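User: I'd like to go through this fold and check what the labels rest on. Can you take my questions one by one?

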Amino acid sequence: MSILTLTAVELGERIRAGEITAQEACAAALAQIKAAEPKINGFVTVDEEGALKQAEKVQRQIEEGKLSGPLAGVPVGIKDNLCIKGMRTTCSSKILSNFVPTYTAEAVVNLEKAGAVILGKTNMDEFAMGSTTETSAFGVTRNPWNLDHVPGGSSGGSCAAVAANECFYALGSDTGGSIRQPSSFCGVVGIKPTYGTVSRYGLVAYGSSLDQVGPIARNVRDCVTVLETISSHDAKDSTSVRRQDTDFTSALSPEVKGLRIGIPRDYFKEGLNPEVKEAVLKAVKVLTDQGAVAEEFDLSLVDYAIPAYYVIASAEASSNLSRFDGVKYGYRAEEYNGLHDMYKKSRSQGFGPEVKRRIMLGSFVLSSGYYDAYYLKALRTKALIKQAFDQAFSRYDIIIAPASPYTAPRLGESLKDPLQMYLGDIYTISVNLAGLPGMTVPCGQDSQGLPIGVQLIGDCFQEKKLIRAACALEESRGYESPALAGELENSWNAEAGQKEAAV
């Protein structure tokens, strides 16, 4: 069996048992990156030298008995909006193309303490603004299942890298579905934990009240193991929550008898692809066949979620991104006339179209005369959405919904109509507005062979209920790793051979 076909936890077990070394695992991942990157473009930065040195150090610590955790020696990819000391962190934007942080994000520090081997930084939509990983200044990322389709976003690079076996798991960030939606498109498992569970220190902010760091992996066990590792209280993050129930791996059980499931009618109306609807409802049946109880209900205010989200997120982005001015760090225009002209030209040249669009929208809704009409009203709507979820969770343990109205679109389709792209977040953004945990688990494929994911939503701090349901779905459906390294490599080699023969 190839090293690359092992899950993260399986690889960790083999390394601790002395059957595989951390260096061998790292070398295998780096080789796969070299083979896959010309097709996938899942990484912005690959730190080959640093990864091999870290693998050697970790292997020594494992042999000395200093590291014994489940992820020790296992290679990982980190989304490029999480700072790592000494490693370029760009947020896939030209304006940060030369930025090298002097500190490391707390979530990454926790992984380093556990013995993780960091391969590099994964591609993303610029400043996490997008749903396809096509707004990156470093080129689009392609979906390993079908290279003509997007991987989703904004954590598309992380999800594609995991699906293509370039790394054994990855970290992403989720502001409005940026872990859950690309996990659905790429056939992997992704978790957005309750707001405050994972420190945001070192995460380059998009929407501070919505952002949350989370894991992406090939199966539920791996994803939950990573979540347990990165969860911690952090005094450096004022929104960090001190929790005593982050032993998430204790919930790795398929027992769902008596679990109360809510199915929001509002999420299954017009606009939902029939194949996606069928796959999600089949997932519900899998759980009810094992003793769970499902019931339809009305989740109000769904129609107001998207406008509320984009007003709040854009307003916070406008404020957060004002620090990128060409003065302190990052890109600066070469020619300018005075300070204000430098600001204008550096930002005009450094930011991409989607980021500019959201900054302008955010500046508008925060401006004098419009604050009350838009931003304040959006905050009130956010509170009402949280109340609607509170009422739902007084009756149900979890809510099941699609992660996206459709499977992965073809490259270029979404950018033609930004408003249509925004509407694609309809099933995920409410979770961020309410600060709830959400999880995507693969539940099938459409007629084109593209993955479909089901979204599990829980009440605040109730990740363990989601994990139980996810385990039941995964075990019952017998889900396998989406893209075995050999299969990918063979298909790419065959494609290259066909092109050479044609020439």
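User: Which residue in β9 does G262 stand opposite?

Analyst: G262 faces I399 there. Before going on: this is a predicted model, where local features need pLDDT of at least 70, side-chain atom pairs count only at pLDDT 80 or more, and totals for chains, interfaces and linings use all residues. Residues are numbered from 1 along each chain as its sequence is written, and side-chain values use heavy atoms, with hydrogens and water left out.

User: What makes β7 and β9 a pair?

Analyst: Two strands pair if DSSP finds at least two bridges between them. Strand β7 (residues 260-264) and strand β9 (residues 398-402) have 2 bridges, in the parallel sense, so they meet that cut-off. Strands here are DSSP E runs of at least two residues, and helices are H or I runs of at least four, numbered from the N terminus.

User: Why do β1 and β8 count as edges?

Analyst: The open sheet has 11 strands, ordered β1-β3-β2-β4-β6-β5-β10-β11-β9-β7-β8, with mixed pairing. β1 (43-46) and β8 (293-297) each have a single partner strand, so one side of each lacks a neighbour in the sheet.

User: What makes F127 a core residue?

Analyst: A nonpolar core is a set of buried Ala, Val, Leu, Ile, Met, Phe, Trp, Tyr and Cys residues joined through side-chain atoms within 4.5 Å; buried means under 20% relative accessible area, exposed over 50%, partly exposed in between (1.4 Å probe, protein chains only). F127 belongs to the largest such core, of 145 residues, and is among those touching the most other members. Helix α9 (residues 302-320) gives this core its largest share, 11 residues.
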